[in-house]
Amino acid sequence: MQLEQNETFEIKGPQLEVLGEAESKLPAPARKRPVAAAVLAAAVLLSVFGIGGAKLKGEYKDVSAVYTEQVDRHGNGIQGDFAVLLDDAASLTRQCQKALGESSAECAAVTELVDRWESTPVSPAAQYEVFTELNGAVDVMYGAARMAADGETLARIESLDASYVSNQSILEREIAQNYTPAAQSYNETAGQFPASLIAPLWGVGEAELFAPQ
């Protein structure tokens, strides 16, 4: 049956109770079907884009925090692991200089990367680039120093390199187990409709991954 011009319409069904209540509170002129439908549609969009956007932004911040600041009950976290690794690299460099000389190119390359880390943004992509270069430079330095060193100096170099490799593995495992799954799960959610439309409006995009996938 067609509604008269001034006749209100009633929304039925458990899923539409809230919308029906909202429609009933509209002024009489606005309770005509086209106007009411437009108002309710706007309300639905505001709810989806507003509440949905706030939730999406909160999830993005939570994922980012796993990488930038979260620590476990033992006080360990990704950025803390990086700090330990950088200390290992600096200590190893000092020992390698005893075998290779203060001005050795191999030691200078590691020192440059350790210094560059201080100005590297705390983001997975940026830190991955420096981290990868550092691992390669440490390997080259260790190989050269091991050939040139002997006695106590060689023993210290081997011990410090073993510590570096161990902490490197711990860091990579923590990122793989804690951050990467959270980032991938968020990206999957953010890539679906309507989240893919909401995310740019709230200034959030994909969560960076630590390594190219």
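Me: What share of the 213 residues of the protein count as buried?

Reply: Burial is judged by relative accessible area: under 20% is buried, over 50% is exposed, and values in between are partly exposed (1.4 Å probe, protein chains only). Here, 32% of the 213 residues count as buried. The model is a predicted one, in which local features need pLDDT of at least 70 and side-chain atom pairs count only at pLDDT 80 or more, while totals for chains, interfaces and linings use all residues. Residues are numbered from 1 along each chain as its sequence is written, and side-chain values use heavy atoms, with hydrogens and water left out.

Me: How many helices and how many strands make up the secondary structure of the protein?

Reply: Helices (H or I, at least four residues) and strands (E, at least two) are DSSP runs, numbered from the N terminus. The protein has 7 helices and 0 strands. Read from the N terminus, its elements run α-α-α-α-α-α-α.

Me: At what angle do the axes of helix α4 and helix α5 cross?

Reply: Axes are lines fitted to C-alpha atoms, for helices over the stretch in contact, and the angle from 0 to 180 degrees is taken between N-to-C directions. For helix α4 (residues 105-117) and helix α5 (residues 124-148), the axes come within 9 Å and cross at roughly 155 degrees. This makes α4 roughly antiparallel to α5; the classes are roughly parallel under 35 degrees, roughly antiparallel over 145, roughly perpendicular from 65 to 115, and oblique for the rest. The α4 and α5 crossing is left-handed, a term for a near helix turned anticlockwise from the far one by less than a right angle, with clockwise giving right-handed.

Me: How do the axes of α5 and helix α6 cross?

Reply: The axes of α5 and helix α6 (residues 151-190) come within 11 Å and cross at roughly 160 degrees. The two helices, α5 and α6, are therefore roughly antiparallel to each other. The crossing of α5 and α6 is left-handed. Among the residues that meet, α5 supplies Phe131, Leu134, Val138 and Tyr142, and α6 supplies Leu154, Ile157, Tyr164 and Tyr179. The residues of this contact of α5 with α6 divide into 11 nonpolar, 2 polar and 4 charged.

Me: How many aromatic pairs does a search of the whole structure find?

Reply: Rings of Phe, Tyr and Trp (its six-membered ring) pair if their centres lie within 6.5 Å; planes under 30 degrees apart are stacked, over 60 edge-to-face, and the rest tilted. The search of the whole structure finds 9 aromatic pairs. Phe82 and Phe210 form a tilted pair, 6.1 Å centre to centre with 50 degrees between the planes. Phe82 lies in helix α3 (residues 78-100) and Phe210 in the segment after α7 (195-201), so the pair ties together parts 128 residues apart in sequence. Both Phe82 and Phe210 are buried. Tyr128 and Phe210 form an edge-to-face pair, 5.1 Å centre to centre with 85 degrees between the planes. That pair links Tyr128 in helix α5 to Phe210 in the segment after α7, 82 residues apart. Tyr128, at 26% relative accessibility, counts as partly exposed, whereas Phe210 is buried with a relative accessible area of 9%. Ring pairs also link Tyr67, Phe82, Trp117, Tyr128, Phe131, Tyr179 and Phe210 into a cluster.

Me: Where is Gly77 placed?

Reply: Gly77 is in the loop between α2 (33-68) and α3. At 5% relative accessibility, Gly77 counts as buried. Not counting residues up to four places away in sequence, Gly77 touches Gln70, Val71 and Glu174.

Key
Contact = heavy atoms within 4.5 Å. Nonpolar A, V, L, I, M, F, W, Y, C, P; charged D, E, K, R; others polar.
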